[in-house]
Amino acid sequence: MDRFKEKIVFLTGAATGIGEATAKRMASEGASLYLVDVAKNELGETAEACRQFGGEIVDRICDVAKEEDVSSSIAETISLFGKIDIVANIAGIQLWHHTSDHPVSDFERTLAVNLTGTFLVCREAIPHLLKTQGSIVNVSSTTALAGIPYSAAYAASKAGVLALTKSLAVEYAKKGLQVNCINPGGIKTAMTKMPPIEDIDMDLLLRQNPLSPFVEPGAVAGLIAYLASDEGRHINGEHVRIDGAALA
Ligand SMILES: NC(=O)c1ccc[n+]([C@@H]2O[C@H](COP(=O)([O-])OP(=O)(O)OC[C@H]3O[C@@H](n4cnc5c(N)ncnc54)[C@H](O)[C@@H]3O)[C@@H](O)[C@H]2O)c1
């Protein structure tokens, strides 16, 4: 398949996990990519792996929570490639605390990366996406749809991503923009390790586990690629669970 031939993709969180898998998937289908992350070495490795497919691949350090980083990265994408067709907002962090002990700094940092970061990338990219009639795929979470213990800031940030997604879809659908989000759960990445906190009630924690085994991030990459491709074009303002029936 070469669904992304001549497409320019701006993708955040490209260093590891779902972002890495999505970058490779889109590169393998012909995309040129501008990849951003804060993890320099792993980002470089993803970019190198993507280059073997022949597209033009640029990798840059960019903290999506920083307005100046995001605006200069989008501006550089335009100066290098001349357009943006697809944005994949995949960067995210998850910090664990009993809420009664939750430092406000960690609450704010979680919102800053997961929600403000997604907003900033969307805001900066939208004028360019309107020119290409482009597509945005944001990564929310099952935690936006059902409660999770010890990660309230994360859940709140991902519910924000869901609401942001639907609002942008409504605001820009008539102008040809497509905006969707996905709600993964139980994907084998660094993020799904056991929380490093004490006094965990495992019954509560496992409430959102898939009914089938955890899957590799490539399974999510396939969904993001589908939504961003022409095949998924009429899906707009939707959120799609990919969670092995966890919340069914
Ligand atoms: N793994 C799951 O089961 C699961 C479930 C629901 C949602 N998600 C979401 O999927 C996305 C990818 O997570 P993952 O599971 O692949 O974990 P991951 O930790 O492997 O990937 C997260 C990536 O985001 C990058 N990142 C973190 N802060 C950043 C910042 N400020 N600016 C730019 N990049 C930053 C990290 O360096 C990393 O490469 C996240 O948004 C996560 O919340 C994952």
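Phenylalanine 10 has 1% relative accessibility and therefore counts as buried (under 20% relative accessible area, with exposed over 50% and partly exposed in between, for a 1.4 Å probe and protein chains only). This is a predicted model, in which local features need pLDDT of at least 70 and side-chain atom pairs pLDDT 80 or more, while totals for chains, interfaces and linings use all residues. Residues are numbered from 1 along each chain as its sequence is written, and side-chain values use heavy atoms, without hydrogens and water.

The count of aromatic pairs comes to 1 (ring centres of Phe, Tyr and Trp, the last by its six-membered ring, within 6.5 Å; planes under 30 degrees apart are stacked, over 60 edge-to-face, the rest tilted). In it, phenylalanine 10 and tyrosine 34 are stacked, 5.4 Å centre to centre with 10° between the planes. Phenylalanine 10 belongs to strand S1 (residues 8–12) and tyrosine 34 to strand S2 (residues 32–37), so the pair ties together parts 24 residues apart in sequence. Strands (E, at least two residues) and helices (H or I, at least four) are DSSP runs numbered from the N terminus.

| Residue | Relative accessibility | Class |
|---|---|---|
| Phenylalanine 10 | 1% | buried |
| Tyrosine 34 | 1% | buried |
| Leucine 206 | 41% | partly exposed |

Leucine 206 lies in helix H6 (residues 202–206).

Now to helix H3. The buried residues of H3 are Val70, Ser73, Ile74, Thr77 and Phe81. They cover an arc of only 95° around the axis, which puts them on the same side of H3 (the arc is taken from the directions from the helix axis to the C-beta atoms). Glu68 and Ser79 are exposed on the other side of H3.
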